[in-house]
Amino acid sequence: MRGKSSIFWGIMLVLGAVALLVNKMGYLEGLSFGSILLNIVLVAILIKGVFGRRFGTILFSIAFLVIINDKLLHLEAITPWPVLGAALLGTIGLNLLFPGFKYGKKFVPRIGSGNRWRSGGTVNVNDNGGVVSFDNVFGSAVKYVSGAVSFGGIDNVFGSMEVYFTDAELVDNNASVTVDLVFGEVVLYVPASWRVEVKTENIFGSTDESGRTARDGENVLYVGGSVVFGHLGIVYV
């Protein structure tokens with residue numbers, strides 16, 4: 001059965017093919033093949049940001065759409081730095097005003113079972129019981145997680161972030177981490193005794209693991225999310 005992601009990107013590529021033909025017919029003058037492709041990728045990222053409730057992804061996708069189409073839209077006066085600055089301030093402001101928006105009032109984490117993924121129990125984000133959340137926009141950050149953890153949400157836009165789980169304990173021997181990474185790098189440091197199962201969607205990005213790990217360890221960390229024009233590293237220490 002085809003995954004939703006494959007269907008989504010299949011549709012976007014078909015739309016790209018149509019846009020290319022329409023451009024060659026003279027209906028999209030001023031747009032090169034490269035700009036059409038970049039527009040499609042940014043629109044796809046924007047759509048995913050909307051459905052994922054990620055302010056940074058939404059605002060920066062719009063900002064870059066404005067930048068690459070500024071002449072067509074006659075918006076050269078606000079590109080590139082004013083629109084990028086507005087996206088940065090808007091992201092920080094909206095995250096401060098609505099800190100739980102990206103998860104809704106309740107969030108159902110993805111808990112793994114063997115090689116299959118299923119829906120886990122409901123976690124009330126406002127209770128902060130075993131739930132950690134980190135945001136980083138245009139900068140570098142180092143975060144340390146300690147105590148019992150059941151779910152972690154990590155958002156990184158145009159920056160680098162290191163998150164240490166070396167002093168954390170997994171609730172019922174498992175936990176889920178969702179990483180939403182756009183243009184940047186996130187590195188997760190986890191104990192070598194843990195087993196990590198990775199299921200990220202990489203869009204012009206990469207995910208890799210380094211170090212030695214216990215593949216049959218009883219503590220399991222499930223890592224999901226999306227990596228867009230960036231790198232996600234998992235280091236066992």
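Let's start with how the chain folds back on itself: among contacts with a separation of 6 or more, 61% join residues 24 or more positions apart. Keep in mind that this is a predicted model.

The chain has 237 residues, and 45% of them count as buried. Its structure includes five helices and 11 strands. The accessible surface comes to about 12,800 Å², with 60% of that belonging to carbon and sulfur atoms.

Now for the aromatic rings. A pair of such rings is described by the distance of the centres and the angle of the planes. The count here comes to seven aromatic pairs. Two of the pairs are set out below.

| Ring pair | Distance of centres | Angle of planes |
|---|---|---|
| Phe64 and Phe158 | 5.3 Å | 10° |
| Tyr144 and Tyr164 | 5.1 Å | 20° |

Planes under 30 degrees apart count as stacked, so with planes at 10° Phe64 and Phe158 are a stacked pair. Phe64 sits in helix 3 (residues 55-68) and Phe158 in strand 7 (residues 151-170), so this pair ties together parts that are 94 residues apart in sequence. Phe64 itself is partly exposed, at a relative accessible area of 22%.

The rings of Tyr144 and Tyr164 have their planes at 20°, so they are stacked as well. This pair also links distant parts of the chain: Tyr144 belongs to strand 6 (residues 140-149) and Tyr164 to strand 7, 20 residues apart. Is Tyr144 buried or exposed? With 61% relative accessibility, Tyr144 counts as exposed.

Finally, look for a cluster in the structure: ring pairs link Phe60, Phe64, Phe158, Phe183 and Phe229.

Methods:
Residues are numbered from 1 along each chain as its sequence is written. This is a predicted model: local features need pLDDT of at least 70, side-chain atom pairs count only at pLDDT 80 or more; totals for chains, interfaces and linings use all residues. Side-chain values use heavy atoms; hydrogens and water are left out. Helices (H or I, at least four residues) and strands (E, at least two) are DSSP runs, numbered from the N terminus. Buried means under 20% relative accessible area, exposed over 50%, partly exposed in between (1.4 Å probe, protein chains only). Contact means heavy atoms within 4.5 Å. Accessible areas come from the Shrake-Rupley method with a 1.4 Å probe; for residues, only the protein chains shown count as cover. Rings of Phe, Tyr and Trp (its six-membered ring) pair if their centres lie within 6.5 Å; planes under 30 degrees apart count as stacked, over 60 as edge-to-face and the rest as tilted.
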